[in-house]
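Please give me a brisk report on this chain.

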Amino acid sequence: MRLALFQPAIPQNVGACIRLSACFGVELHVIEPTGFAFDDRAMKRAALDYGPLSHMIRHSDWEAFQAGRGPGRLVLFTTKGATPLTDFVFQPEDTLLFGSETSGAPEFVHAAADARVVIPIRPDARSLNLSVSAGIGLFEALRQTG
């Protein structure tokens, strides 16, 4: 199981996902460019002391991510998803991909996904925070796969 962020824009969300990946023992893939300076100071502040515990891989772009992400399905979490999280069946080698906070995932990312999943929320709500969505999705995927 892997967690991936497509061009994240907010360092605090990446920091929260570093902590998430460290606590659950999964790889975190960050697909650049990011919307912030990806330096030690910003990440140390956002991730506190969890950075050394996580296994984070930075990819220079989408193509580099696709070439190095490993086996398994690419499962895109999106507000335009086709399958509610409650109905989706995860597999142990899935990569859970989350789009940018500001623009989501572009069409070419949607087209590359093996599955698209939506976290059901109230109809009048726009979306959840990126790191909250990643936590919900990762926990359910790990729960299902043991």
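The report below goes from the whole chain to one strand and then to the aromatic rings.

This is a predicted model, in which local features need pLDDT of at least 70, side-chain atom pairs count only at pLDDT 80 or more, and totals for chains, interfaces and linings use all residues. Residues are numbered from 1 along each chain as its sequence is written, and side-chain values use heavy atoms, with hydrogens and water left out.

**Whole chain**

The chain has five helices and seven strands. Helices (H or I, at least four residues) and strands (E, at least two) are DSSP runs, numbered from the N terminus. Their order is β-α-β-α-β-α-β-β-β-α-β-α. Of the 146 residues, 45% are buried. Buried means under 20% relative accessible area, exposed over 50%, and partly exposed in between (1.4 Å probe, protein chains only). Take the contacts (heavy atoms within 4.5 Å) between residues at least 6 apart in sequence: 77% join residues at least 24 apart.

**Strand β1**

Five of the five residues of β1 are buried, so the strand is largely enclosed by the rest of the structure. R2, A4 and F6 point one way, while L3 and L5 point the other way. In a regular strand the side chains alternate between the two faces of the sheet.

β1 runs parallel to β2 (residues 27-31), with five bridges between them. Two strands pair if DSSP finds at least two bridges between them. L3 stands opposite L28 of β2. The link from β1 to β2 passes through helix α1 (residues 11-24), and this β-α-β crossover is right-handed. That term applies if, with the strands pointing away from the viewer, the path from the first strand over the helix to the second runs clockwise. β1 is also parallel to β6, through four bridges. There, R2 has T95 as its bridge partner.

**Aromatic pairs**

Rings of Phe, Tyr and Trp (its six-membered ring) pair if their centres lie within 6.5 Å; planes under 30 degrees apart count as stacked, over 60 as edge-to-face and the rest as tilted. The chain has eight aromatic pairs. Two of them are set out here.

| Pair | Centre distance | Plane angle | Type |
|---|---|---|---|
| F6 and F108 | 6.2 Å | 75° | edge-to-face |
| F77 and F90 | 6.3 Å | 10° | stacked |

F6 lies in β1 and F108 in helix α4 (residues 107-112), so this pair ties together parts 102 residues apart in sequence. F6 is buried, at 3% relative accessible area. F108 is partly exposed, at 46%. F6, W62, F65 and F108 form one aromatic cluster.

F77 is buried at 8% relative accessibility, and F90 is buried at 5%.
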